[in-house]
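Colleague: I'd like a close look at one part of this model. Please keep it to one helix and its surroundings.

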Amino acid sequence: MTMRMIPLALAVAAALPLSAAFASGESTELRKVEWSFEGVFGGYDRAQLQRGFLVYKDVCSACHGLKLLSYRNLGQPGGPEFPEAAVKAIAASVQVPSLTDDGEPTTRPGTPADRFLDPYANEKAARSVNNGALPPDLSVMTKARLDGVNYVYSILTGYADAPADMTMNVGMNYNLYFAGHQIAMPAPLVVDGQVTYADGTPATIDQMAKDVSAFLAWAAEPKLEERKSLGFKVILFLAALTALLYLSYKRLWRDIEH
């Protein structure tokens, strides 16, 4: 089975309206993970984002793009923060469509300024290798679903054998967390060690699912840490301003009877 035949399991879920998905049947409550970026002071785990990018690159990118991201984003503060040399190497590892001086189509090595390369030349090409389905772009996938990051993680870890009393439609796969429990996409994470982590973290299916889910959460909200930091500073400023105004009020009106 080629990599193009195992796109992320959430492709069908993204292609259908949420109401239509749930109309097909009941879904199991999502698995919950305590993510490092949750809460007022939460932030991304740099090592996890780097591992998640590797899972995306080696498993997901064959069928799913990240058109809202540029390769340079991988090295910017608040994200995976790859070294500059690594970002250049990642970008150069892909061939980007270009034109010769004569206007003829050609390709060139990518640069950090380039957007993430789409796996397909166009929509028709995408549908032709996916049985008519259009694999969704993953740039804002975790924002497109309720409890999006847990949704992605649950779908990726929800594949199992169908119950004996359940009749599966042709070409469908059983997934515990998908509404109706029948999903067209095969499991993208199929075996432990499917990728090799440079930091030595065991690449179990569960770990890979967590890492790529966290990476997609960052892809959907790369300015999360900056936004939280700014919000905290604004709250401190407003608290100090409130205290100053109150003390000024007490001083100016201290001799006035109320």
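What is the relative accessible area of aspartate 206?

Modeller: Aspartate 206 has a relative accessible area of 25%, so it is partly exposed. Buried means under 20%, exposed over 50%, and partly exposed in between, with a 1.4 Å probe and protein chains only. This is a predicted model, with residues numbered from 1 along each chain as its sequence is written; local features need pLDDT of at least 70, side-chain atom pairs need 80 or more, and totals for chains, interfaces and linings use all residues. Side-chain values use heavy atoms, without hydrogens or water.

Start with the charges. Aspartate 206 forms a salt bridge with arginine 31, and their closest N and O atoms are 3.6 Å apart. The rule asks for a side-chain nitrogen of Lys or Arg within 4 Å of a carboxyl oxygen of Asp or Glu. This pair links distant parts of the chain: arginine 31 sits in the loop between α2 (18-23) and α3, aspartate 206 in α7, 175 residues apart. Helices here are DSSP runs (H or I, at least four residues), numbered from the N terminus. Arginine 31 is also partly exposed, at 31%.

Now the helix itself. α7 has 16 residues. From first C-alpha to last, α7 reaches 22 Å, close to the 22 Å expected at 1.5 Å a residue. The expected span is 1.5 Å times one less than the number of residues. α7 is mostly covered, with 13 of its 16 residues buried.

What does α7 cover? The largest nonpolar core has 42 residues. Such a core is a set of buried Ala, Val, Leu, Ile, Met, Phe, Trp, Tyr and Cys residues, joined through side-chain atoms within 4.5 Å. Helices α3 (46-60), α4 (84-92), α6 and α7 each supply at least two of its residues. α7 gives the most, with nine. Leu66 and Leu74 have the most contacts inside this core.

Leucine 66 touches Phe215, Leu216 and Ala219, among others. Its list also includes Tyr56, Phe116 and Leu138. A contact means heavy atoms within 4.5 Å, and these lists skip residues up to four places away in sequence. Threonine 142 touches Ser213, Leu216, Ala217 and Ala220, along with Gly148, Val149 and Val152. Threonine 142 lies in the loop between α5 (123-128) and α6 (148-157). At 10% relative accessibility, threonine 142 is buried.

Arginine 127 pairs with glutamate 123, with closest N and O atoms 3.0 Å apart. They are four residues apart in helix α5, so about one helical turn separates them. An α-helix has 3.6 residues a turn, so residues three or four places apart point the same way. Arginine 127 is partly exposed at 32%, and glutamate 123 is partly exposed at 46%. Around your residue, salt bridges that share partners join Arg31, Asp206 and Lys210 into one network.
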